[in-house]
Structures are given as structure tokens and as C-alpha cells.
Amino acid sequence: MRIELATAPGTPERLNEDWASVALPASGQGGTLVVLDGVTPPQGDSGCVHGVPWFTARLGGALVELSGSRRDLPLTGVLSEAVRRTADAHRDTCDLSHVRTPQATVVLARWGGAAGEVEYLVLSDSTLLLESADGAVRAVLDDRLDRLPRESLRTHASADALRNAEGGFFTAAADPAVAQRAVTGRVARRDVRAVAALTDGASRWVDMFAEGDWAACVGVLRKEGAQALIDRVRALETAARQRTGVIRWKLHDDATAAFVEL
């Protein structure tokens with residue numbers, strides 16, 4: 001089994017709010033992939049004294065532990081329990097009802113076990129890639145955020161009204177019930193050659209700069225590695241700024257790429 005993990009902060013002045021891990025059981029059979037993208041809140045109160053990096057570390061650790069120790073739980077149950085545990089860790093000090101309470105996107109994949117399957121879960125705008133035995137690549141996406149009209153996200157107040165709300169988009173925050181909103185599925189283990197996960201800072205190579213399709217993206221991960229994909233994105237971002245002098249999106253975002261060849 002080959003594992004590639006790389007992550008880079010958007011700027012060196014801010015902590016990286018992404019979180020990633022691959023865990024393998026002592027038996028050597030099966031494993032788990034977890035990638036989180038912490039949601040950077042606008043300036044101002046979030047109701048929490050801890051911050052996003054604390055939250056993603058707590059949630060990510062719980063997801064890794066539960067996905068390995070509770071194989072009887074489906075991934076929605078794993079996410080639900082991980083959110084509950086994380087909320088319990090700071091509900092006495094923080095206002096978890098605040099719309100900007102720390103939150104994150106989630107990609108979770110688990111393989112092995114008696115059923116011989118790859119299970120997956122995606123919540124919000126990070127990307128899971130499944131490469132089949134014949135080299136075809138399927139992207140598993142939660143596209144609710146992309147389907148919202150741009151004008152509805154133009155202000156912080158308008159985005160807050162759609163955050164974890166009907167008709168809007170969903171992230172893992174403090175409500176365990178959000179797990180039921182995730183995109184989930186299963187595929188036979190024999191039909192999967194590799195899995196990859198990208199936060200939106202890394203998926204820009206495909207969905208913002210159109211340098212290739214998802215299959216080409218997996219090709220970069222396999223041939224050059226996860227850090228090379230992030231380096232390519234950074235080069236494209238810098239070139240875009242130099243070419244136009246105007247950037248209407250965040251120049252560099254926290255970027256994480258994970259690749260597991262099963």
C-alpha cells in the first residue's frame with residue numbers, strides 16, 4: 001500500500017486549518033482516510049474560545065479512532081458520534097449555537113472489513129476521488145454550495161443564513177444530525193485501485209484552473225506525489241495574480257492532498 005499526504009497553509013502568517021490522516025490497523029487489513037477543511041470565519045465573534053485548528057484536530061482525531069474501532073457503525077454514525085464528542089469537549093466554554101461556531105468540510109473513506117467494500121462520505125466542498133481498476137476516476141462531490149446563486153453568498157450575513165440550513169449548505173459543526181446530510185456510498189474493494197481526497201485549496205488544479213480532469217489529477221498524485229499537486233496549484237495562483245494584477249478570490253487557500261494506492 002502506498003500513502004501520500006501533503007498540506008500547506010494559505011499564508012505563513014495563519015495556522016493551517018486543514019487536517020488529514022490515514023490510519024491502518026495493526027492487522028494490516030483495511031484502513032481509513034480522513035481529510036478535513038476547517039471553515040475560516042470572518043473577523044468577529046464565533047462564540048468559541050478555541051478556534052478552527054483546535055476543532056479540526058479534535059474532530060479528525062475522533063473520526064480516525066471511531067472509524068477503526070467501531071466498524072459496526074456506518075460512516076454516518078462515525079461522523080455523528082465524532083461531532084457529538086467534539087461538541088461535548090467545548091460546550092461548557094463556548095456558544096455552540098452560534099452560526100459561526102468552528103466547523104469543517106469532511107471527506108471520510110474506509111476500506112477492508114468482512115464486507116470487502118470501500119465506504120465513503122463527503123460533506124461540503126472537499127473532493128473524494130475513486131480510481132477503478134481500469135483507471136477510470138469518479139469524483140464524489142457534495143455540490144450544494146456550488147448550486148447556490150453567487151449573489152446569495154456575497155455578504156457574510158447572507159452566507160450565514162444558508163449555513164447548515166435547509167436550502168443552503170452543510171458542514172460538520174456542533175449538530176450530530178448533520179451526518180445525515182452527507183453524500184455517502186459503498187463500492188466493492190476489488191473495483192477500487194486508489195482513493196484520493198482534496199480540500200478545495202488543492203482541487204483548484206481541476207475546478208478553478210482546468211489544468212486537467214480528475215483522472216489527470218490522480219495521475220499527478222501517482223507520478224509526482226501530493227506535494228507536487230499543491231506546488232502546481234501555488235504556481236498557477238501566482239501566475240494568475242501576475243497576469244491580471246487583480247484577484248477576486250482568496251489568492252492562496254490552505255491546501256491538502258491525500259492519495260492511497262490500495
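Okay, housekeeping before the tour. Residues are numbered from 1 along each chain as its sequence is written, and side-chain values use heavy atoms, with hydrogens and water left out. Since the model is predicted, local features need pLDDT of at least 70 and side-chain atom pairs count only at pLDDT 80 or more, while totals for chains, interfaces and linings use all residues.

Let's start with the sheet. Five strands form an open, antiparallel sheet, in the order β2-β3-β4-β5-β8. Strands here are DSSP runs of E, at least two residues, and helices are runs of H or I, at least four, numbered from the N terminus. Two strands pair if DSSP finds at least two bridges between them. At the edges you have β2 (18-23) and β8, each with a single partner strand, so one side of each has no neighbour in the sheet. The twist averages 5 degrees from one strand to the next; angles run from 0 to 180 degrees between N-to-C directions, and axes are lines fitted to C-alpha atoms, for helices over the stretch in contact.

Now walk across it. β2 pairs with β3 (residues 31-38) over six antiparallel bridges, and D18 stands opposite D37 in β3. Further along, β4 (residues 104-112) meets β5 over seven bridges, again antiparallel, with W111 having V118 as its bridge partner in β5. Those two strands make a hairpin with four residues between them, and G113 in the turn has a positive phi of about 85 degrees. On to β8 (residues 183-188): β5 pairs with it over six antiparallel bridges, and V118 stands opposite V187 there.

So how enclosed is β5? Six of the seven residues in 117-123 are buried, so the strand is largely enclosed by the rest of the structure. Buried is under 20% relative accessible area, exposed is over 50%, and partly exposed is in between, using a 1.4 Å probe and protein chains only.

What lies on the sheet? Helix α1 goes across β2, β3 and β4, running at about 160 degrees to β3. Helix α2 (residues 75-88) packs there too, touching β4, β5 and β8, and its direction makes about 45 degrees with that of β5.

Two residues in α1 are worth a stop. S67 sits in this helix, residues 52-69, and is buried at 0% relative accessible area. Its side chain reaches the backbone oxygen of L63 at 2.7 Å, and a polar atom of that side chain lies 3.1 Å from the backbone oxygen of V64. Leaving aside neighbours within four places in sequence, S67 is in contact (heavy atoms within 4.5 Å) with T32, V78 and R110. E65, also in α1, is partly exposed at 36%. The E65 side chain makes a polar contact with the side chain of R85 at 2.8 Å. A polar contact is a pair of N or O atoms within 3.5 Å; within protein, one must be able to donate a hydrogen and the other to accept it, and residues adjacent in sequence count only if both atoms are side-chain atoms.

Last stop, α6, residues 214-224. Its buried residues are W214, C217, V218, G219, V220 and L221. D213 caps the N-terminal end, with a side-chain oxygen 3.2 Å from the backbone nitrogen of A215. Just after the helix, G225 takes a positive phi of about 100 degrees.
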